[in-house]
Amino acid sequence: MVAVPFLKKSGLSQKQAQATAICIILPLTILSALIYLSRGYFRLSDSTVFIAFGFPGALLGTVLLSKMKNSLLQKVFCFFMLWAGFRLVKG
(Lines give C-alpha, C1' and ligand atoms only; values in the text may rest on other atoms or scores of the structure.)
Protein backbone atom coordinates (compact mmCIF):
# COMPACT_ATOMS: atom_id res chain seq x y z
CA MET A 1 0.00 0.00 0.00
CA VAL A 2 2.90 2.33 0.66
CA ALA A 3 5.61 1.13 -1.74
CA VAL A 4 3.91 2.03 -5.04
CA PRO A 5 3.22 5.70 -4.24
CA PHE A 6 6.77 6.16 -2.91
CA LEU A 7 8.26 4.46 -5.96
CA LYS A 8 6.20 6.70 -8.23
CA LYS A 9 7.46 9.77 -6.40
CA SER A 10 11.00 8.58 -7.06
CA GLY A 11 10.35 8.82 -10.80
CA LEU A 12 9.14 5.37 -11.78
CA SER A 13 6.12 4.90 -14.02
CA GLN A 14 3.02 3.21 -12.63
CA LYS A 15 3.99 -0.12 -14.25
CA GLN A 16 7.57 0.08 -13.00
CA ALA A 17 6.37 0.95 -9.49
CA GLN A 18 3.88 -1.94 -9.46
CA ALA A 19 6.47 -4.43 -10.73
CA THR A 20 9.12 -3.22 -8.27
CA ALA A 21 6.66 -3.45 -5.36
CA ILE A 22 5.86 -7.04 -6.33
CA CYS A 23 9.59 -7.84 -6.44
CA ILE A 24 9.88 -6.41 -2.91
CA ILE A 25 6.82 -8.20 -1.56
CA LEU A 26 7.45 -11.68 -3.01
CA PRO A 27 10.59 -12.60 -1.00
CA LEU A 28 9.10 -11.12 2.18
CA THR A 29 5.94 -13.15 1.69
CA ILE A 30 7.89 -16.36 1.15
CA LEU A 31 10.01 -15.72 4.24
CA SER A 32 6.93 -14.94 6.32
CA ALA A 33 5.18 -18.11 5.14
CA LEU A 34 8.24 -20.22 6.00
CA ILE A 35 8.39 -18.73 9.50
CA TYR A 36 4.69 -19.33 10.14
CA LEU A 37 4.96 -22.85 8.74
CA SER A 38 8.03 -23.70 10.85
CA ARG A 39 6.30 -22.47 14.02
CA GLY A 40 3.21 -24.55 13.32
CA TYR A 41 0.77 -21.67 12.87
CA PHE A 42 -0.67 -23.35 9.79
CA ARG A 43 -0.29 -26.50 7.72
CA LEU A 44 0.73 -26.35 4.10
CA SER A 45 -2.40 -28.35 3.24
CA ASP A 46 -4.48 -25.44 4.58
CA SER A 47 -3.09 -23.15 1.90
CA THR A 48 -3.48 -25.36 -1.18
CA VAL A 49 -6.67 -23.62 -2.28
CA PHE A 50 -4.90 -20.24 -2.16
CA ILE A 51 -1.89 -21.58 -4.02
CA ALA A 52 -4.12 -23.21 -6.63
CA PHE A 53 -5.76 -19.88 -7.45
CA GLY A 54 -2.75 -17.70 -6.68
CA PHE A 55 -0.46 -18.95 -9.43
CA PRO A 56 -2.96 -18.57 -12.27
CA GLY A 57 -3.94 -15.18 -10.85
CA ALA A 58 -0.30 -14.09 -10.82
CA LEU A 59 0.15 -15.19 -14.43
CA LEU A 60 -3.00 -13.36 -15.48
CA GLY A 61 -1.88 -10.27 -13.59
CA THR A 62 1.48 -10.36 -15.36
CA VAL A 63 -0.18 -10.48 -18.77
CA LEU A 64 -2.65 -7.71 -17.86
CA LEU A 65 0.08 -5.50 -16.40
CA SER A 66 2.02 -5.55 -19.65
CA LYS A 67 -1.09 -4.67 -21.71
CA MET A 68 -2.72 -2.02 -19.50
CA LYS A 69 -2.22 1.68 -20.00
CA ASN A 70 -0.65 3.50 -17.06
CA SER A 71 -3.77 5.62 -16.54
CA LEU A 72 -6.03 2.55 -16.24
CA LEU A 73 -3.54 0.77 -14.02
CA GLN A 74 -3.45 3.79 -11.73
CA LYS A 75 -7.26 3.79 -11.46
CA VAL A 76 -7.36 0.06 -10.69
CA PHE A 77 -4.64 0.51 -8.07
CA CYS A 78 -6.56 3.42 -6.55
CA PHE A 79 -9.74 1.32 -6.36
CA PHE A 80 -7.96 -1.49 -4.53
CA MET A 81 -6.28 0.97 -2.17
CA LEU A 82 -9.66 2.47 -1.27
CA TRP A 83 -11.19 -0.99 -0.88
CA ALA A 84 -8.31 -2.12 1.37
CA GLY A 85 -8.60 1.06 3.43
CA PHE A 86 -12.35 0.55 3.84
CA ARG A 87 -11.80 -3.03 5.00
CA LEU A 88 -9.18 -1.87 7.52
CA VAL A 89 -11.49 0.77 8.95
CA LYS A 90 -14.52 -1.56 8.95
CA GLY A 91 -12.53 -4.17 10.87
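User: Buried means under 20% relative accessible area, exposed over 50%, and partly exposed in between (1.4 Å probe, protein chains only). Is Lys 69 buried or exposed?
Analyst: This is a predicted model: local features need pLDDT of at least 70, side-chain atom pairs count only at pLDDT 80 or more, and totals for chains, interfaces and linings use all residues. Numbering starts from 1 along each chain as its sequence is written, and side-chain values use heavy atoms, with hydrogens and water left out. Lys 69 sits in the loop between α3 and α4. Its relative accessibility is 64%, so Lys 69 is exposed.

User: What separates the C-alpha atoms of Lys 69 and Gln 14?
Analyst: Along the chain, Lys 69 and Gln 14 are 55 residues apart.

User: How many helices and strands does the chain have?
Analyst: Helices (H or I, at least four residues) and strands (E, at least two) are DSSP runs, numbered from the N terminus. The order of elements from that end is α-α-α-α. The tally is four helices and zero strands.

User: What radius of gyration does the chain have?
Analyst: The radius is taken over C-alpha atoms, and the globule rule is 2.2 Å times the number of residues to the power 0.38. For 91 residues, a compact globule would come near 12 Å. Along the principal axes, the C-alpha atoms fill a box of roughly 40 × 30 × 25 Å. The radius of gyration of the chain is 15 Å.

User: Which helix supplies the largest share of the lining of the largest pocket?
Analyst: On a 1 Å grid over the protein atoms alone, a pocket is an open set of points where a 1.4 Å probe fits, with protein on both sides within 12 Å along at least five of seven lines; lining residues have an atom within 4 Å of a point. The largest pocket holds about 1400 Å³, and of its 37 lining residues, Ile 22, Ile 25, Leu 26, Thr 29 and Ala 58 are the closest to its centre. α1 (3-9), α2 (14-38), α3 (48-67) and α4 (70-90) each give at least two lining residues. The largest share, 11 residues, comes from α2.

User: Which residues form one aromatic cluster?
Analyst: Rings of Phe, Tyr and Trp (its six-membered ring) pair if their centres lie within 6.5 Å; planes under 30 degrees apart are stacked, over 60 edge-to-face, the rest tilted. The count is three aromatic pairs. Phe 79 and Phe 80 make an edge-to-face pair, 5.3 Å centre to centre with 70° between the planes. The cluster is Phe 79, Phe 80 and Trp 83.

User: How many disulfides does a search of the whole structure find?
Analyst: A disulfide is a pair of cysteine sulfur atoms within 2.5 Å. Cys 23 is exposed at 59% relative accessible area, whereas Cys 78 is partly exposed at 41%. The number of disulfides found is zero.

How values were computed. Grid points are joined across faces, edges and corners, and a volume is the space filled by probe spheres set on the points.
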